[in-house]
Amino acid sequence: MYTTCQSDERWHDSASVGEFVRAFVEPWTAGTQMGYALMLNQDCPKRVNLMVSHAWVENAKTFFEDVLKHTYGHEVAYICFLSNFQGSPEEIDAQLGNQISKSPFTEVIADRCCQRMLVVPNEELRANGQGLYSRLWCDWEIKVAADHGLPIMIVPERRKESYLLGKSTLSSRNARCGNPTLPMNKDEALIRSAIENMPPQTARSRAFGVFCTCVCTGYGAEVGAAVGHSYTGMVIGILSGFAFGLLIMGCLARFIRAGYSSLRRRDGYRVLDSVIKGSARGSYSRRRITTDRDLPSLAVVCIGLGLLDAGIRYARFGNFLEVPIAMIEGVGAGGLLYFVF
């Protein structure tokens, strides 16, 4: 598409993404009620596995070259101006909806098929001192990606803070949706409410949650063995400890984190700023374990292999005393295999 557009008389190397949309995308999709990507693939729609976060003010030529340079052949990218239908303001608003958690951006990032997010800062927002994260939609996208443990890659050539938070924005608290000279619009109100009520987790808080789960599981085995004086007691202790660790990570940690943030006056915007700066350092460049994506499937794999190993061991030796040992070995093997694949 990019190569084809360059040979068109409407193409200008200096055009912004917004100008590109008006010159090419809107005429292509007029009357279809479909985004350009779906229009091309409507007979065989593709599942997105890459979220591209960017701002429309950037140069279209530079944007396309950045995306092509930093994506792989197997990746199916969600680029908003090619994926959403570019119709009237009312049609665009209808696609975004009234629930930020159900917006196309959120659903793409939260989907299990999405494997990473590519952030494409631009020279235009660096030059005017605002930075990419003066755009509140971009702040929301990196928040959701951090919450869901996605690897976040910022185009390496533009990882400096001047490209991200700029000289005038300084914090995501000052970001806006739409024209910053106008009052807050609906999208901005929805995003601010979400950020203020659901502060994004940092890599540190996630690591602490996983650590608690591992400690509870390990000490659960000790407590179970001490109370039950048998391998059966040990297995029950492991499962109980694991379940308690999940409870801490999924429920209790939220209240502890909220209290800690309140004491330190650490609101959602400050945490979000730390996510942005951490992403620039590469701290979020790897996949992270999350409660909703990983722990349920990890539990199924570990317990499943534990039961399988126990069944094989009992069938082979016919001795119930071998079953608890086999369960422990199977659970351990399941954990190792899960993180390998």
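This is a predicted model: local features need pLDDT of at least 70, side-chain atom pairs count only at pLDDT 80 or more; totals for chains, interfaces and linings use all residues.
# A walk from Glu-75 through the sheet and helices

The backbone nitrogen of Tyr-72 lies 2.9 Å from a polar atom of the Glu-75 side chain. Glu-75 sits in the loop that runs between helix 4 (60–69) and strand 2. The side chain of Glu-75 also has a polar contact with the side chain of Arg-116, at 2.6 Å. If we set aside residues up to four places away in sequence, Glu-75 touches Asn-49, Leu-50 and Arg-116. Is Glu-75 buried or exposed? The relative accessible area of Glu-75 is 15%, and the cut-off for buried is under 20%, so Glu-75 counts as buried.

The loop between helix 4 and strand 2 has another residue to look at, His-70. With a relative accessible area of 10%, His-70 is buried as well. Leaving out neighbours within four places in sequence, the contacts of His-70 are Arg-116, Leu-118, Met-153, Val-155, Pro-156 and Glu-157.

Let us step back for a moment to see the whole. The protein has 16 helices and four strands. Of its 341 residues, 44% count as buried. Among contacts between residues at least 6 apart in sequence, 76% join residues at least 24 apart.

The four strands form an open sheet in the order 2-1-3-4, and the pairing is parallel. Which strands stand at the edges? They are strand 2 (77–78) and strand 4 (152–154); each has a single partner strand, so one side of each is left without a neighbour in the sheet.

Strand 2 runs parallel to strand 1, and two bridges join them. Here Ala-77 in strand 2 stands opposite Leu-50. Moving on, strand 1 (residues 50–53) pairs with strand 3 (residues 116–119) in the parallel sense, over four bridges. Leu-50 turns up again at this pairing, standing opposite Arg-116 in strand 3, and Ser-53 has Val-119 as its bridge partner in strand 3. The crossing ends with strand 3 and strand 4, which pair in the parallel sense over three bridges. In that pairing, Met-117 stands opposite Ile-152 in strand 4.

What lies on the two faces of these strands? In a regular strand the side chains alternate between the two faces of the sheet. Strand 1 is covered on both faces: Leu-50 and Val-52 on one side, and Met-51 and Ser-53 on the other, are all buried. From strand 3, Arg-116 and Leu-118 point one way while Met-117 and Val-119 point the other way, and all of these are buried too.

The axes of helix 11 (residues 186–197) and helix 14 come within 8 Å and cross at roughly 90 degrees. This makes helix 11 roughly perpendicular to helix 14. At this contact, Arg-192, Ile-195 and Glu-196 of helix 11 meet Gly-268, Tyr-269 and Leu-272 of helix 14. By class, the contact consists of three nonpolar, one polar and two charged residues.

Helix 14 also packs with helix 9 (residues 136–147), at an angle of about 80 degrees and with the axes 10 Å apart. Helix 9 is therefore roughly perpendicular to helix 14. The residues of helix 9 that take part are Asp-139, Ile-142, Lys-143 and Ala-146, and they meet Leu-272, Val-275, Ile-276 and Ser-279 of helix 14. These residues divide into five nonpolar, one polar and two charged. Notice Leu-272 of helix 14, which meets residues of helix 11 and also residues of helix 9.

One last stop takes us to Gln-33, in the loop between helix 2 (17–29) and helix 3 (36–41). Most residues other than glycine have a negative phi. Gln-33 has a positive phi of about 60 degrees although it is not a glycine. Is Gln-33 buried or exposed? Its relative accessible area is 51%, and exposed means over 50%, so Gln-33 counts as exposed.

Note on methods:
Residues are numbered from 1 along each chain as its sequence is written. Side-chain values use heavy atoms; hydrogens and water are left out. Axes are lines fitted to C-alpha atoms, for helices over the stretch in contact, and angles run from 0 to 180 degrees between N-to-C directions. Angles under 35 degrees count as roughly parallel, over 145 as roughly antiparallel, 65 to 115 as roughly perpendicular and the rest as oblique. Contact means heavy atoms within 4.5 Å. Ala, Val, Leu, Ile, Met, Phe, Trp, Tyr, Cys and Pro count as nonpolar, Asp, Glu, Lys and Arg as charged, and the others, Gly among them, as polar. Two strands pair if DSSP finds at least two bridges between them. Buried means under 20% relative accessible area, exposed over 50%, partly exposed in between (1.4 Å probe, protein chains only). A polar contact is a pair of N or O atoms within 3.5 Å; within protein, one must be able to donate a hydrogen and the other to accept it, and residues adjacent in sequence count only if both atoms are side-chain atoms.
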